[in-house]
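Subject: Handing over a structure

Hi there,

I am passing this structure on to you, and my notes follow below it. Please have a look at it first, and then read on.

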Amino acid sequence: MTANPSMWRFRLFHSTARMATGKYTNQTNQTRRDAVNRGDSANTDARNGVGRGDAEAAVRILIQWAGDDPDREGVRGTPARLIRAYEEYFAGYHNDPADVLERTFEETEGYDEMVVLRDISFQSHCEHHIAPIIGCVHVAYLPRKRVVGISKLARVVEIFARRLQIQEKLTTQIADTINDVLQPNGVAVVIEAAHHCMTTRGIHRPGTMMVTSRMLGGFRSDPKTRREFLTMIGNPVNHRMR
Ligand SMILES: [Zn+2]
């Protein structure tokens with residue numbers, strides 16, 4: 001794989017995200033001692049310099065701050081459960097989406113028409129409130145010599161979704177990664193999603209969907225190609241709301 005400027009941008013973002021979380025690692029010794037005294041998970045399995053016990057202690061503080069008793073039977077196991085859930089929600093930090101696309105097939109019999117993968121469902125979390133973002137992604141590309149297994153496109157979506165996100169960034173990262181690695185004649189990505197930070201808090205607008213898109217190459221320069229793609233996915237940019 002050639003490292004072109006866009007990929008560097010992505011890698012830079014990745015390492016910045018790691019550094020940003022690093023500043024929350026300075027737990028006090030007292031917090032640590034409390035966690036050990038309660039018999040919580042040992043402070044092993046450190047990620048980004050934060051041990052599991054420290055991460056659980058942080059959740060315990062949030063439960064207390066919310067107004068509940070963290071030692072109450074019903075919530076006693078919650079810190080450990082939430083941290084295990086975080087391992088799932090944010091598994092994307094440990095995978096490189098470019099690797100997923102490395103394996104391509106060149107025996108395509110000259111197929112150069114649009115490849116569309118529609119309605120890839122995803123769950124992500126907004127980086128402002130850590131609230132769920134739930135929606136679907138439509139991905140298309142115009143192959144140039146190489147095609148990729150379609151499950152790989154869904155995998156790329158999943159890796160980026162399982163990080164702290166905003167929908168605009170998610171859209172760009174998916175499109176640019178496919179563009180950089182496959183170097184096709186064009187890439188189109190449309191995302192439709194509901195943001196729980198908007199539906200369950202703040203302005204409280206359930207049913208509101210956000211639509212974002214990124215069109216590259218042929219999808220950007222040729223209105224006919226773009227229209228064909230939008231028709232294939234049901235024209236979400238115009239008015240489909242689910
Ligand atoms: Zn939010």
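Let me start with a question: is Asp119 buried or exposed? Asp119 is exposed, because 11 other C-beta atoms lie within 10 Å. As for the cut-offs, a residue is buried if 20 or more other C-beta atoms lie within 10 Å of its own, exposed if 12 or fewer, and partly exposed in between, with C-beta atoms placed from the backbone.

Before I go further, a word on the source. This is a predicted model, in which local features need pLDDT of at least 70 and side-chain atom pairs count only at pLDDT 80 or more, while totals for chains, interfaces and linings use all residues. Residues are numbered from 1 along each chain as its sequence is written.

Now the overall picture. The chain has 11 helices and seven strands; these are DSSP runs numbered from the N terminus, with helices being H or I of at least four residues and strands E of at least two. Of its 242 residues, 28% count as buried. If you take contacts between residues at least 6 apart in sequence, 67% of them join residues at least 24 apart, where a contact means that the two C-beta atoms, placed from the backbone, lie within 7 Å.

Next comes the sheet. Five strands make up an open sheet with mixed pairing, in the order β5-β2-β3-β6-β7. Its edge strands are β5 (164-165) and β7, each of which pairs on one side only. Two strands pair here if DSSP finds at least two bridges between them.

Going through the sheet, you will find these pairings:

- β2 and β3 are antiparallel, with nine bridges, and Leu117 stands opposite Val139 in β3.
- β3 (residues 132-142) and β6 run antiparallel and are joined by 10 bridges; Cys136 has Glu192 in β6 as its bridge partner.
- β6 and β7 (residues 210-217) also run antiparallel, joined by eight bridges; Val187 has Leu216 in β7 as its bridge partner.

Strand β6 is mostly covered, with nine of its 10 residues buried.

Asp119, in strand β2 (residues 115-126), has a positive phi of about 55° although it is not a glycine. Gln183 is not a glycine either, and its phi is positive at about 45°. Gln183 sits in the loop between α8 (167-182) and β6 (186-195), and it is partly exposed, with 16 other C-beta atoms within 10 Å.

Enjoy exploring it!

Best wishes
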